Amino acid sequence: MITMNQVSKQFGDLVVLKDINLEVKQGKVVVVIGPSGSGKTTLLRCLNILEQPEQGSITIDQQTVDFSKKVNKKEILSFRKQSGMVFQTYNLFPHFTALENVMEGPVTVQGVNKAKARKRAAELLEKVGLSEKLDVYPYQLSGGQQQRVGIARAMAIDPKVMLFDEPTSALDPELVGEVLLVMKQLAEEGRTMVVVTHEMKFAKDVADEVIFMDNGIIVERGKPDELFSQPKAQRTKEFLSLIN
Ligand code: ADP
């Protein structure tokens, strides 16, 4: 479902991703871990071209973008529709209700009619456990609830893949579980997901594969039980010993 082929990205002189190769099969969950500044967020942002790599190519499903050539805006917009992104800070529109936040993408980006978008948005909010909160505004919701609206919103465009960028790191500890539970349910439904997170328990329980990044490269990858209990690279061992 996702292939990154020799993707490199730099900001000025700083090389943030170096020749990244990654493959995610349909229905699989890949969790990306690594120290702060290692390039995890940039990798995720490249996957929906919020950042544009200088080299390499990315394929999602049938669509490939080759960054060694000039990429036009239309191509980017069409590519971006294939993924739903959930951000660390929920980025909800404050003047829209929960329902309107979820409807916005389908109506404005996909041209879905409002009645249909409303029905689908209500279903998605029900799915994330917020059927009682359709008409409330973000400020009336807890952080965990806002993030669940964020997940429903990302799903509203029926993306082929879901991308999560540290979705629980801005939350109070007692609100983390409800968001992880929704993510776990999505994984169990067979959604293809790439998740950047510091929640190692989630990685152990839900990931099909864990990727350890450091300094812009993928240092090591493997099944969670293998990578966590028998890391091969010294850098992985050091990182895991620091967080455990
Ligand atoms: P992580 O998610 O692993 O913490 P990031 O992908 O956010 O790492 O960042 C990787 C490196 O790229 C860091 O050194 C960061 O400072 C730098 N960086 C990220 N975004 C930008 C940007 N827009 N402009 C300049 N440097 C950036």
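Predicted model: local features only at pLDDT ≥ 70, side-chain atom pairs only at ≥ 80, totals over all residues.

Colleague: Okay, which residues surround the ligand?

Modeller: Phe 11, Leu 14, Val 16, Pro 35, Ser 36, Gly 37, Ser 38, Gly 39, Lys 40, Thr 41 and Thr 42; a residue makes the list if one of its heavy atoms lies within 4 Å of the ligand.

Colleague: Which element gives the most to that shell?

Modeller: α1, with three residues. Both β2 (14–24) and α1 (40–47) supply at least two each. Helices here are DSSP runs of H or I with at least four residues, strands are E runs of at least two, and numbering starts from the N terminus.

Colleague: And how does the shell divide into nonpolar, polar and charged?

Modeller: Four nonpolar, six polar and one charged. Gly counts as polar in that scheme, and Pro as nonpolar.

Colleague: What does Thr 42 do with its side chain?

Modeller: A polar atom of the Thr 42 side chain sits 2.5 Å from a ligand oxygen. The protein covers 59% of the 560 Å² of accessible area that the ligand has on its own, by Shrake-Rupley with a 1.4 Å probe.

Colleague: Switching topic, what does UniProt list for residues 2–240?

Modeller: The unreviewed entry has "domain: ABC transporter" there, and such annotations may be inferred rather than shown by experiment. That span is 38% helix and 26% strand, with its end C-alpha atoms 27 Å apart.

Colleague: Now Gln 146: buried or exposed?

Modeller: Buried, at 15% relative accessible area; the cut-offs are under 20% for buried, over 50% for exposed, and partly exposed in between. Gln 146 belongs to α5 (residues 143–155), and its side chain reaches the backbone oxygen of Leu 141 at 3.2 Å.

Colleague: How about Val 109, where is that?

Modeller: In helix α3 (residues 98–109). Val 109 is partly exposed at 45%. Leaving out residues up to four places away in sequence, Val 109 touches Lys 81 and Glu 104, where contact means heavy atoms within 4.5 Å.

Methods
Residues numbered from 1 in each chain as written. Heavy atoms only, no water. Polar contact = N/O pair within 3.5 Å; in protein donor to acceptor, adjacent residues only side chain to side chain. Buried < 20%, exposed > 50% of the residue type's maximum accessible area, 1.4 Å probe, protein only.
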